[in-house]
Amino acid sequence: MKGTLPDALLRFAGHSTDFGVRVLRGLVWPNVDLAIRLWLAQIFFVSGALKLTHWQTALYLAPHEYPVAWMSPLSAAYVGVSIEVLGGALLARGL
């Protein structure tokens, strides 16, 4: 006799676990990855769009909440809004 029943069950469990992980990695993970990416992209894009539509608030936030020592507040507001809007769009696109 080659092996006992517990040995055969352990080999089967190992193979079925490997198969299950491969199936999950191939079928489920791309959808989870897409959902996480779109969720983060929405956060960035909405934040940038709100700052863009309420420009005075963005100008207030630049020096008081998000100060950048080597940039003027106006430049920091422009760069911050641009990064949030364009970064959110690029993240949603997958880049």
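Helix α2 meets helix α3 through Trp55, Ala58, Leu59, Ala62 and Pro63 on its own side and Pro73, Leu74, Ala76, Ala77, Tyr78 and Val81 on the side of α3, a contact being heavy atoms within 4.5 Å. By class, this contact has eleven nonpolar residues, no polar and no charged ones; Ala, Val, Leu, Ile, Met, Phe, Trp, Tyr, Cys and Pro count as nonpolar, Asp, Glu, Lys and Arg as charged, and the others, Gly among them, as polar. The model is a predicted one, in which local features need pLDDT of at least 70 and side-chain atom pairs count only at pLDDT 80 or more, while totals for chains, interfaces and linings use all residues. Residues are numbered from 1 along each chain as its sequence is written, and side-chain values use heavy atoms, with hydrogens and water left out.

Two packed helices are described by the angle between their axes and the distance between the axes. Helix α2 spans residues 55-64 and helix α3 residues 73-93; they pack at an angle of about 115°, with axes 8 Å apart. Helix α2 is therefore roughly perpendicular to α3 (65 to 115 degrees).

The chain contains three helices and zero strands, in the order α-α-α along the sequence. Helices are DSSP runs of H or I with at least four residues, and strands are runs of E with at least two. Of the 95 residues in the chain, 12% are buried, meaning under 20% relative accessible area with a 1.4 Å probe, protein chains only. Among contacts between residues at least 6 apart in sequence, 60% join residues at least 24 apart.

Notes. Buried < 20%, exposed > 50% of the residue type's maximum accessible area, 1.4 Å probe, protein only. Axes fitted to C-alpha atoms, helices over the stretch in contact; angles between N-to-C directions. Parallel < 35°, antiparallel > 145°, perpendicular 65-115°, else oblique.
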